[in-house]
Every structure is written in structure tokens, then in C-alpha cells.
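Dear colleague,

My notes on it follow.

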Amino acid sequence: MKKDINLLSTMFCMVIFLVSCKHSPSQKLEASLEATPKRMSLTEIDHTFQVARQHIGHSWKEVSKNMEFPRSTEKGLKPISDWTSGFYPGILWLTYQYTKDPSLLQYSKIATKALEEEKYNTSDHDIGFRISCSYGNGYKLTRDPEYADVLVQAAKSAIQRYSPQVKSIKSWESRESRDWQYPVIIDNMMNLELLFEATRLTGDSTYYDIAVNHALTTMKHHYRKDYSCPHVVDYDSLTGQFRKMDWNNGYSDPDVAAWSRGQSWGLYGFTMVYRETGDTRFLNHAENIARFILGHKNMPDDMVPYWDYNAPNIPTLRDASAGAILASGLLELSRYSQKHGQWFFESGEKILTSLASPNYLAEPGTNNNFILRHATGNYLRESEKDGTLIYADYYFLEGLLRYLELTES
């Protein structure tokens, strides 16, 4: 009798194992996360923002001297023309939004004003990062009409880089050394938010239409069948035809590279485009990107990604910025996804919990006054490796605010 019971028990376990093997990695991860309780308390979030406030107190002493803004420990303070210049003013606004500290409101206004001349910058696509993170957050919190004027002028500058043939905004100038005619990078999806805001402020649909065209072109040509993408896609500047996938960040083989920050840019960007348009094509695409990321065999247990999901020699260096962007994007996507909303929410929550832990969150007075540790800028180019990145800090704080909005509503 005892042997029969043992045999039945063994057979039952084998059946369970065989059934579980039929599920994809993403399904198994989703199932495990659905059973996980919330991990972030208001006390933990408050502590994190107080840590951010103390880091700002130290960094502002240097920033206020010349109005140059921190980019990373390696690259130090950078002028307003740097692509990252909008993130520090954005961090000031986000921290003010939570703490209501009047001194932070003053810092935010001063730092944001320093970027005003960038509204005329047509040299690259990054005007969205520079102006949306600074003036965009400022306008949301103050409704200052002068901020709205800057946002509209910045959008006018941004669309100067749009090609009706390519139906996309050119990211960088062409480079013979890289055989690029009309390079477009996945990061550019993030800068479309500036164009949607301009249509909202002016009623002029030109900005909206360009943003939608860019998103459709990116969806068609930038993504593989598994919903991963390379960093760069190049187009024929005359005909607008797709030429090739390429790399500038991430793994150097563009056929297999899955640069983690790039996957996060895409997920966040297409989620935002769905929010602005209500077009379910963009929602479906964002959901598929999320399934690729969350189901990837190389996603670490703490869900703070390696610098490229398909990098050789896994485990390798992490990129906290990829994790922060992913968390913020997933939390917004969880609002809209009927099928996977809970999965996306709990995944974003888990990433934030990891980033708020001592493994990543730097104590005040350390880490050169950056909030997060273990971010990687460009691994193969030996740039900003396993260090600090100002945009990691920005999207981490944004993600925490989104988390609060979802859990307190």
C-alpha cells in the first residue's frame, strides 16, 4: 500500500512537471509574480525620496556655480547642450512633487530656466529629453504659460529633423565611417512625447501626425519577430527605404543584440504613444515588447537587467538605468493592459524594490551624489561602466511616483 501511494505521488509530480514545461518562460514568470504580495511600503518610498533630497542638497552646491548638470561620475558636470542636461532639472521637479520642499521649487525653476536656449536646438533628436524632462515637468506642476511656450518652440525645432520620405525623425547626422545615411535610434521613441504635448497646447495636429508616423515606422522596421530590437536602424535618405539594422550601443552583432536600455526605451515609448493616441496597435506592440523582456532567459532574479540580454558571458554588468526605465514603463503599461496588467504591475514593483535596496540605492554623501549605483552607459565602448547615470536616477524617481499613484488610487 505504501509503495502504491509513493508511486502515485511520483507520477503526479511528473505530470505537474510535464505540464509546467509546456508554458513559456514568460508564463512561468507571470505565474510566480501573481502570487507575490506587494513589497514597497510608504515608509520605504518616503525614505528613498529623503535619500534623493539629501543627494540633491550635496549636488546643488556644485551645479549652482555654473549651471552645468551632472551626467555620471565618469563624465562629471556637462553643459546644457549635452543630451542628458534635462534630467537633473527633472529630478528636482520630481523630488519637489513628492516632498513639497519650497527650496526644491526654487532650484527647479533656476535649473529649468538655464535650459531655455535649447528650445532652438535642431542638431539632434535629444531636444525631447532636454526640454520634456525639465520644462515638461515644470509645466505639469506649475502651469506656467512661459513653460508652455518653450515646449511648443522645442517641438517646432524637433520636427525640423523629420523626413516625409522616411516618415521618421533623424536621430543623428549621417556618418560615412558607419555607412549611415539616415540613422534612427530606438531612444527617439521617448522624444515623441514632446510632439504630443505641442499638439495639446496648440491644437495643431502636425506634431501629432509626425509622432504617429515615426512610431509606425519604428514598429515596422526596428523590431524583429520576437519583439526585440537593435539600437540603430538606417534608412535611405532619398527613398526612405530601410537599409539595415546596426549598433552603437549594446552587443555589436545587430542581428542578435538586445541592448537592455533600448528594449526599455521601446516599451516605455510605445506605451506613451498608446496613451496619447488610443491606437491599440501601439498597446499590442508594447505588450509584446514587455513579454519579450520579462520572459527572457537572461533576466536576473532581481530584475535589474544586464547591459544586453543577449550579451556574451552572462552574468555580466548590470544597467540600473535599463531597470528604472523598464519599471516606470511597466507601471504605466499595467494601467492599459487588460490581459497582463497585474503581471506588468508586479514586475515594475519588483524592479523598484530591487533598486531601492542597499544593493543599488546609495547612501547620502556617497556615490558622487547620484542616487543609484550599478548603471552602465556603453559597455563595448568602455564608457560609464558599472557606475552612475543621471537618467537612471530620473526614471527611478518617476517610477516611484507612478507606483504611488497606482497604489493610492
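In this predicted model, helix H13 packs its Phe 345, Glu 349, Leu 352 and Leu 355 against Phe 396, Gly 399, Leu 400, Tyr 403, Leu 406 and Thr 407 of helix H14. Sorted by class, this contact comprises seven nonpolar residues, two polar ones and one charged one. H13 covers residues 341-355 and H14 residues 390-408; their axes come within 11 Å and cross at roughly 130°. The two helices are therefore oblique to each other, as the angle falls between 115 and 145 degrees. The crossing of H13 and H14 is left-handed.

Helix H9 comprises 17 residues, 205-221, and reaches 24 Å from first to last C-alpha, close to the 24 Å expected at 1.5 Å a residue. Its buried residues include Tyr 207, Ile 210, Val 212, His 214 and Met 219.

The peptide bond between Ile 314 and Pro 315 is cis, with omega near 5°; Pro 315 lies in the loop that joins helix H11 (280-294) and helix H12 (320-336).

Lys 100, which is not a glycine, has a positive phi of about 60°. This lysine sits in the loop between helix H4 (87-99) and helix H5 (102-113), and Lys 100 is exposed because its relative accessible area, 53%, is over 50%.

Arg 143 likewise has a positive phi, near 55°, and belongs to the loop between helix H6 (127-142) and helix H7 (145-158). With a relative accessibility of 52%, Arg 143 counts as exposed.

With kind regards

Conventions: Residues numbered from 1 in each chain as written. Predicted model: local features only at pLDDT ≥ 70, side-chain atom pairs only at ≥ 80, totals over all residues. Heavy atoms only, no water. Axes fitted to C-alpha atoms, helices over the stretch in contact; angles between N-to-C directions. Helix = DSSP H or I, 4+ residues; strand = E, 2+ residues; numbered from the N terminus. Parallel < 35°, antiparallel > 145°, perpendicular 65-115°, else oblique. Left-handed = near helix turned anticlockwise from the far one by under 90°. Contact = heavy atoms within 4.5 Å. Nonpolar A, V, L, I, M, F, W, Y, C, P; charged D, E, K, R; others polar. Expected span 1.5 Å × (residues − 1). Buried < 20%, exposed > 50% of the residue type's maximum accessible area, 1.4 Å probe, protein only.
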